[in-house]
Amino acid sequence: MAPAPFVLYGAPGSGATPVHAALMLIGAPVKVVDVAPWQGENERARLQPINPMRQVPVLVLPSGEIMTESAAMLIWLADRYPHAKLGPRFDDPERAQYLRWMHFVSSSIYALYWIRDEPSRLADTPKDEALVRERTAERIAECWRCMDAQMPRRGRYLLGDHLTALDLYVTVISRWQPRRLRFYREAPRMAEVVRRVDNEPRLLEHWAARYPFAGAWESEGP
Ligand SMILES: N[C@@H](CCC(=O)N[C@@H](CS)C(=O)NCC(=O)O)C(=O)O
C-alpha cells in the first residue's frame, strides 16, 4: 500500500514553500491545501481546527500528528529522511551553525511578519503603520547583514557543497519584503547562494508552481 501523504497547509509564497520544496527533494508524497491567513478572518477560520494560532505552515505527518513551526518542520524532515542530505547529521561539524541559523531566521526574521503582514496589530494610525513597516524592514535588513557576515561560507551553498534546508529557508524568506534587491545589497555572499537555489534544476517546477516570479520578489519595497 502506498504510504499516506503528508498534508501541507499554506498558500503559494507562504512559509509552506520551503517545506514543500524539502518534501519534493525527499520525494515524499504531499497533498497541499492552499490557505492564506494574511488575507483575513475567513482564511484564518479555516485553520482554527488544526492550528489555534491560525497560521501556516501546518504539516500533518503521515501518522496524523500535527506540526507547526517552519524551522522545526524543515529540521525534522532533514533528520527523518537522511537520504536527501538536507541537513548536517548529529555528529557533523556543521550541525551547530545549521541549527543556529535555522533558529535565527525563524525567530529574528520570520517572526516579524506577524507585524508586517498587518501593522495595525501594533499601530493605531496609517502613519504609525508606515513607520512600523519601515522599521521592521530595517531590522530584517540588519539581520540579513549580520547573518551574511557571520556565515562561514565555504562552498556552493550556505553550509558547504550540499543544498540544505537552510538554503531553502533563506531562499524563500529573502523573497519577502523588503525583497530581494535589498537582500542582495545587505547579504552579498548569501545572494549568490539564493540565486543558485532559485535556479536549482530539481526545484524549477516547484518554484514556478508555488512561488512564481510574477510575484515580483526580485524588487525592493518597504
Ligand atoms: N513561527 C511560525 C510563523 C508562521 C507565520 O507567521 N505564518 C504566516 C504566513 S507565511 C501567517 O500565517 N500569517 C498570518 C497571521 O499571522 O495571522 C512558523 O515559523 O511557521
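**View 1. The largest pocket draws at least three lining residues from each of domain 1 (6-84) and domain 2 (95-199).** In this predicted model, the largest pocket has a volume of about 930 Å³. Of the 31 residues that line the largest pocket, those closest to its centre are Trp38, Tyr110, Tyr113, Trp114 and Asp117. Helix H5, which spans residues 113-116, gives the most to this lining, with three residues. By residue class, the lining of the largest pocket divides into 13 nonpolar, nine polar and nine charged residues.

**View 2. The surroundings of the ligand include Trp38, Tyr110 and Trp114.** The residues around the ligand also include Gly15, Pro37, Arg44 and Gln55, together with Val56, Pro57, Glu69, Ser70 and Arg121.

View 3. The ligand taken alone exposes 510 Å², of which the protein buries 91%.

**View 4. The second largest pocket has a volume of about 180 Å³.** Lining this pocket are 14 residues, and those nearest its centre are Lys85, Gly87, Pro88, Asp92 and His162. The lining of the second largest pocket divides into five nonpolar, four polar and five charged residues.

Key. Residues are numbered from 1 along each chain as its sequence is written. This is a predicted model: local features need pLDDT of at least 70, side-chain atom pairs count only at pLDDT 80 or more; totals for chains, interfaces and linings use all residues. Side-chain values use heavy atoms; hydrogens and water are left out. On a 1 Å grid over the protein atoms alone, a cavity is a set of points where a 1.4 Å probe fits but cannot get out, and a pocket is an open set with protein on both sides within 12 Å along at least five of seven lines; lining residues have an atom within 4 Å of a point. Grid points are joined across faces, edges and corners, and a volume is the space filled by probe spheres set on the points. Helices (H or I, at least four residues) and strands (E, at least two) are DSSP runs, numbered from the N terminus. Ala, Val, Leu, Ile, Met, Phe, Trp, Tyr, Cys and Pro count as nonpolar, Asp, Glu, Lys and Arg as charged, and the others, Gly among them, as polar. Domain bounds come from an automatic or database domain assignment. A residue is near a molecule or strand if one of its heavy atoms lies within 4 Å of it. Accessible areas come from the Shrake-Rupley method with a 1.4 Å probe; for residues, only the protein chains shown count as cover.
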